[in-house]
Amino acid sequence: MPSWRKKLFKRSSHDASSAASRSLPTTDVGWPHGLEVVYEGPEASLDIVAIHGLNGHRENTWTADNDVHWLRDLLPKDLPNVRILTWGYDANTHASDRVNCQYIYDHARELVGDLTRMRTLTNSNERPIIFVAHSLGGIVVKSALIHADAARQGAHYEHRSVKTSTYGIIFMGTPHQGGTGVKLGCFLVNIASIFVAADDRVLKHLERDSELLQQQLGQYGPISGDFVTKFAYETYETSTLLGHKMMVVPKASAVVLGQADAEPIAIYSDHIHMVKYPSRNDRGYRKVSENLQIMAKDAVEAVRSRWEAEIRLDNARRNNPTSFSLPLDLSQVTDVPRFVAREDEIQRMHGILRKAEGRRTVILHGLGGIGKTQLAREYIKRHRDHFTAAVWLNARDATSLQQSYLQTAQRIHNRAPVIYVSNAVQNQDPKECVEAVKRWLDEPANDGWIVIYDNYDDPKFGAPQPFNGESSENAGRGLLVDEHSQAASRDEYFAQGAFDIRPFLPVTDHGAIIMTTRSAEVELGEYIRVKKLTDPKSGLDILASTSRREEIDQDKDAGDLVKLLDGLPLALATAGAYLKGVPATTFADYITLYKESWEQLQKSTPRIMSYEDRALYSTWNISFLHIKHQNPASAALLRLWAYFDHEDLWYELLHERRKSQYLQGIVGDRINFDKAIRVLHDHGLIEADISIEERAGESQGYSMHGCVHLWTQHILNEDPHGEGLQMARVAMECVAWHVPQEDSREYWLIERRLLKHVDRCLTRMEQSIQLNKGVEYVWSNLGLLYARQGQLAKAEILQERAL
């Protein structure tokens, strides 16, 4: 490199000592544009592409004060068989009309175009790519990959090669927003403040367009799992032209937690110098270089497999346009008005289903009403173009599944007649249609399909366990009904359609499958447990879309309702459906009705089409029938749980009353308790309670969703045989007997765990005079507990009852 050119580039726009040097004119000399090859090995098999950030420079961004350009001078010694390119663009913040969302997208599209042309001319279109992106350059790379992923035949299809070839990305101080809740515009303003002392026009543009940019980058989430990602973050503050130092992009924004194939990297430097390395001994350089070397080892093979899959898929579309192409038909699945959250789950699904070889199967498991079907629908809506054929099947029971196969056979026949499929359709034989469609899916050339088996909630693998028998007779004896009722329950269970789905699955080891189920028995693929929504904003979004009420985020009562329903989509949709029909009813009114008239409220709520007409009060009934068939002790425990609090039920709390007829076979020993708990957990009805950290030597508890708990109270325990009083008394006695003595080890921790259960028992006592008879020792123990916890008013009332 000529010495005069080095001197020119040494006037870096990232030189913190001179404001003037930050304002290089946007000419081809001062601000070079496009791709430059800074190194190409003799047997290059990988492209490393470096993208600078806001007010960056194709040369100076990567050049240290001693004129060492690490991409040119250092990295080739560690990676000799690569091609290293830098890409330049005008990222000058001084022109306020240029720093906006559309401008960034234009840069991204230009980057993809430049790469596509160079790689086409050098016959390297299928060569793996690893991006190294600094600051705003990471946003440009994200936008570029979104653009490349969206490319289709007839619409810049050649651009798709960039996305297919991208193996990994090292983001260097890129503001991803993360979980801090700080808007992206604030980080862009932080970056601009390094170079712009006080340009209000620039700051206003950055703030205004950050929302549009954030929405655009939301499209990156579903494809982010396709890349190995390293998140490098600065650890030192940077001097700004405003006269102070600041952490420009803090770790909370630079690192996206929970993303698949991702890793954080600490760079001990500020935002500007985190990409300037004076020597091979620099700690930052060693980390970046070593990560690039590790990524390079697997990149060639991984991208080759990806290209092979892409070519097979393209050939299937091109050469067999009639035989194996089947567009997605979602007419039988009602969409929700607005899908919210679940980005982590969608990325995990894509990480499994995007694999190039063999059968890929995702099992979406979770509580009824948690949103498994809508998650599967959202995934296939986003990624339908990755599959040649998409089939949605209703697996609620064997008959429904056969009918779905018949409808699929009809669609195949209408679109591209195949003799064996057409014959089955003509005969209108559901079983014959199942075999015909399976044969069609098993065709060697038909390997680009995806099939969704929805609502496979009642599996039957192997011989079913009997309803009677010694273990069943002793399990929750007081909660089991007579033999005639037991037989009726068994018949009702099997009438629901428990069946083995394996004979309905294609045989050949290719294609992709999504299966939604409430049962953990379905061990046919990689599990993703779908849990409740944790972000209150997501709950507000569901409530707003189903109730059709605006600006509810400003309504405190709406927030309280979302908190009460605790992230269960079906419960939120149910509340919205009720409120939509009664505009004068406020959120506060609904909360009152929910607490005082739960069952009546649920049964008077209009149907919810997006949940296939399932009601909150009945959606778990089929789970209960399955549980009772699998382990009666689990069903007994579920009914008894209605008389405890829904949180933190643990083994020792029940064990002291193990001789009660309602607890025999459940807590006689720890193994029986674990068996009963396991079945409830496998059906998604309970979770391990990790919120209680200090347990005073006793076991971990389990918790139940509040809506499920209300179902156990109002629906499961309708009390046809008058057992409610006996179960309530057992719950009271379990709590009272477990109140520890003051000389017990860490007795106060046990008391703290008991308080919620005491409050629940007392509520039940106040509803029944009969519960107040003959339980003086209960009042005495519970009063003692309240007194030791400082709740003296309650303690005094209970002690008076004990006298």
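Which strands does H5 lie across, and at about what angle does H5 run to E4?

Modeller: Bearing in mind that this is a predicted model, helix H5 lies across strand E2 (47-51), strand E3 (83-88), strand E4 (129-134) and strand E5, and its direction makes an angle of about 140° with that of E4. Since buried stands for under 20% relative accessible area, and 14 of the 15 residues of H5 are buried, the helix is largely enclosed by the rest of the structure.

The strands that H5 lies across, E2, E3, E4 and E5, belong to an open sheet of 7 strands with mixed pairing, whose order is E1-E3-E2-E4-E5-E6-E9. Strand E1 (34-40) and strand E9 (262-267) stand at the edges of this sheet, and because each has a single partner strand, one side of each is left without a neighbour in the sheet. From one strand to the next, the twist averages 20°.

Within the sheet, strand E5 (residues 166-172) runs parallel to strand E6 (residues 228-234), and 5 bridges join the two. As an example at the level of residues, Ile169 has Thr229 in E6 as its bridge partner.

Notes
Residues numbered from 1 in each chain as written. Predicted model: local features only at pLDDT ≥ 70, side-chain atom pairs only at ≥ 80, totals over all residues. Heavy atoms only, no water. Buried < 20%, exposed > 50% of the residue type's maximum accessible area, 1.4 Å probe, protein only. Helix = DSSP H or I, 4+ residues; strand = E, 2+ residues; numbered from the N terminus. Pairing = 2+ DSSP bridges. Axes fitted to C-alpha atoms, helices over the stretch in contact; angles between N-to-C directions. Contact = heavy atoms within 4.5 Å.
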